[in-house]
Every structure is written in structure tokens, then in C-alpha cells.
Amino acid sequence: MHPFDVGDRFVIDGAQMVVEEMNILTTIFLKPDNEKVFYPNSVLSTKPISNFYRSPDMGDSFEFCIDFKTPMEKIAALNEKIKK
């Protein structure tokens, strides 16, 4: 078993990346700013890797405020969008 597959999102060396291509000697990653990073597989085998794709489901939480005068229809519409 290998630690990642094409399309997996993970962190290596403190940077979040997506596996774009896997070759015999190198693996190509894509950073969020579309920068491609090439790692020799021999180097990757020595680094700790956090793979989000193979991790259990996780979520984020956030708080926001709604003005007291906001119509209930708009609040209901917002609630539906959040559920998607």
C-alpha cells in the first residue's frame, strides 16, 4: 500500500498539495496557487505525509451574525444553501 493516489489532498513539508501525477522515479504535486512541485520518490519515502483523502471525515465550523431585521425568507434560503 502506498500513502497516496492521484487526486489525494495532503500536507507535506507544511504545504498543502494535490497529487497530480505519479511516475516511477518522481511524483508531481499541485499547490493551491497552481504551482507544480516535483518530488523524487526516494525523498518522499523519508517524509511524514498527512493525507486528508484517507483520513476520516472532518468538518469546519464558523460563526456569523444575521441582522435582527433580516426577513425569515432570506434566513430560510441561507439555511438551505448551507445544507448543500
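In this predicted model, Asn34 is exposed, with a relative accessible area of 59%. The residue is situated in the loop between β3 (26–30) and β4 (36–40). Although Asn34 is not a glycine, its phi is positive, at about 70°. Most residues other than glycine have a negative phi. A positive value was also computed for Asp13, a residue other than glycine with a phi near 55°. Asp13 belongs to the loop between β1 and β2 (15–22).

Asp8 is located in the segment before β1 (9–12). The relative accessibility of Asp8 is 2%, and the residue therefore counts as buried, the cut-off for this class being under 20%.

With regard to the overall architecture, the protein contains five strands and two helices. Their order along the sequence is β-β-β-β-α-β-α. The protein comprises 84 residues, of which 17% count as buried; Asp8, at 2% relative accessibility, is one of the buried residues. Among contacts in the protein with a separation of 6 or more, 32% are accounted for by residues 24 or more positions apart.

Technical notes
Residues are numbered from 1 along each chain as its sequence is written. This is a predicted model: local features need pLDDT of at least 70, side-chain atom pairs count only at pLDDT 80 or more; totals for chains, interfaces and linings use all residues. Side-chain values use heavy atoms; hydrogens and water are left out. Helices (H or I, at least four residues) and strands (E, at least two) are DSSP runs, numbered from the N terminus. Buried means under 20% relative accessible area, exposed over 50%, partly exposed in between (1.4 Å probe, protein chains only). Contact means heavy atoms within 4.5 Å.
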